[in-house]
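Hi,

Here is the structure I promised to pass on. Have a look at it first, and my notes follow below.

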Amino acid sequence: MRRAKPAVRRAATDDDAVIRTRRLTKRYGTLTAVDNLDLVVHRGEIFGLLGQNGAGKTTTILMLLGLTEPSSGEARVMGLDPEREPRLVKRRVGYLPDAVGFYGGLSGRQNLRYTANLNGLRRDVAEHAIADVLEQVGLTDRADDRVDTYSRGMRQRLGIADALVKTPDLLILDEPTTAIDPLGVVEILELLRRLVNERGLAIMLSSHLLTQVQSVCDRIGIFAAGRLVGQGTVDELAATFGDGTATIEVGLELPTPADRSRAQAALGSLSGVTEVNPPAKDGDPWQVVVRPASGEGRVRQEILVVAVDQSLRLTTLRPVVPSLDDIYRLAVTRTAA
Ligand SMILES: Nc1ncnc2c1ncn2[C@@H]1O[C@H](COP(=O)(O)OP(=O)(O)O)[C@@H](O)[C@H]1O
Ligand SMILES: [Mg+2]
């Protein structure tokens with residue numbers, strides 16, 4: 001068993017980069033599908049490549065796996081050059097393509113045996129690994145049923161099992177949740193997080209679905225028309241592309257209009273607060289806008305103090321996490337300008 005590593009972001013040193021690209025470019029005729037890509041993915045993280053259809057996500061993944069040649073620039077995957085050592089890369093990287101193909105007439109277990117055999121795993125080692133990964137993706141009960149009786153979500157989980165059989169250090173998943181129902185999506189995202197925590201591997205996944213990327217990825221690369229327009233945590237991206245403000249939600253029990261004006265005045269008097277927006281309807285939280293965004297934590301603490309001071313009853317107090325949706329729109333429009 002490999003030791004589990006915590007899913008935290010580490011310093012960006014060379015040795016902990018599982019993927020690193022420099023000015024990686026792919027042209028198809030006059031079309032530049034991937035344009036001077038500089039990308040870093042670290043050990044122990046889930047990295048989301050986010051972009052609309054045609055943004056260049058699949059092309060990037062194919063170059064990382066040595067399945068298509070870059071026009072220029074370079075890539076390193078687990079320190080290897082996929083162009084020159086594609087087989088070594090494939091041995092260490094599990095890959096879930098955007099369209100997974102299995103033999104429908106064979107069982108899940110038989111399909112995995114086929115993959116294990118292709119990867120040169122010894123039979124007894126393979127049987128253990130297969131039982132392990134089937135358990136991990138929750139398919140043990142159905143392992144000996146024919147794959148053509150599986151749901152889409154089950155096939156996708158079998159695809160992840162398939163990518164895991166050779167105990168890779170890195171998983172690359174191309175649109176792993178497309179065409180799966182919402183419950184199945186939650187299951188798969190939880191599975192990915194568990195794999196990172198238990199196996200200590202890194203995951204890069206591509207997706208055009210913002211909320212899914214936001215919910216599971218430690219860091220995100222925003223891709224638009226072949227270019228990476230930003231990469232970082234949601235917070236870092238918000239700081240880069242946001243408008244420089246942060247918002248705090250403040251829930252208050254305010255029985256009388258006098259209480260409300262007292263709250264308005266108290267919140268508005270805090271330094272750094274630029275706007276105090278009362279709720280549209282009773283029971284909803286107030287929105288307090290802070291500038292600069294870095295003052296959010298301090299203001300949140302001062303709200304607590306002022307609430308006690310003024311006998312205002314707090315029900316909730318929390319920073320509003322910026323939506324990736326907003327960040328994405330800002331990033332794409334700003335860099336297109
Ligand atoms: N083999 C190919 N030949 C020509 N154009 C291609 C080929 N593969 C992809 N493209 C084009 O490259 C662009 C990026 O495609 P792709 O990497 O598949 O995007 P994504 O995976 O983000 O949807 C698209 O405009 C697509 O039409
Ligand atoms: Mg694609």
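Let me begin with a strand pair: β1, residues 17–28, and β4 run antiparallel and are joined by 5 bridges. Within this pair, T21 sits opposite A75 of β4. On terms, strands (E, at least two residues) and helices (H or I, at least four residues) are DSSP runs numbered from the N terminus, and two strands count as paired if DSSP finds at least two bridges between them.

Before going further, a word on the source: this is a predicted model, in which local features need pLDDT of at least 70 and side-chain atom pairs count only at pLDDT 80 or more, while totals for chains, interfaces and linings use all residues. Residues are numbered from 1 along each chain as its sequence is written, and chains are lettered from A and ligands numbered from 1 in the order in which they are written.

Back to the sheet. The pair belongs to an open sheet of 3 strands with antiparallel pairing, in the order β2-β1-β4. β2 and β4 (72–77) are the edge strands with a single partner each, so one side of each has no neighbour in the sheet. From one strand to the next, the twist averages 15 degrees (axes are lines fitted to C-alpha atoms, and angles run from 0 to 180 degrees between N-to-C directions).

Next, the ligand. Which residues are around ligand 1? They are Y28, L31, A33, G51, N53, G54, A55, G56, K57, T58 and T59, where a residue counts if its C-beta atom, placed from the backbone, lies within 6 Å of the molecule. Two or more residues of this shell come from each of β2 (31–42) and α1 (57–64), and α1 gives the most, with 3 residues. By type, the shell has 4 nonpolar, 6 polar and 1 charged (Ala, Val, Leu, Ile, Met, Phe, Trp, Tyr, Cys and Pro are nonpolar; Asp, Glu, Lys and Arg are charged; the others, Gly among them, are polar).

Most residues other than glycine have a negative phi, and most peptide bonds are trans. N36, in strand β2, has a positive phi near 55 degrees. A225, in the loop between β8 (219–224) and β9 (227–232), has a positive phi of about 45 degrees. N36 is partly exposed, with 15 other C-beta atoms within 10 Å (20 or more would be buried, 12 or fewer exposed, with C-beta atoms placed from the backbone). A225 is also partly exposed, with 18. A cis peptide bond joins R291 and P292, with omega about 0 degrees, and P292 lies in the loop between β12 (286–290) and α10 (296–309).

Best wishes
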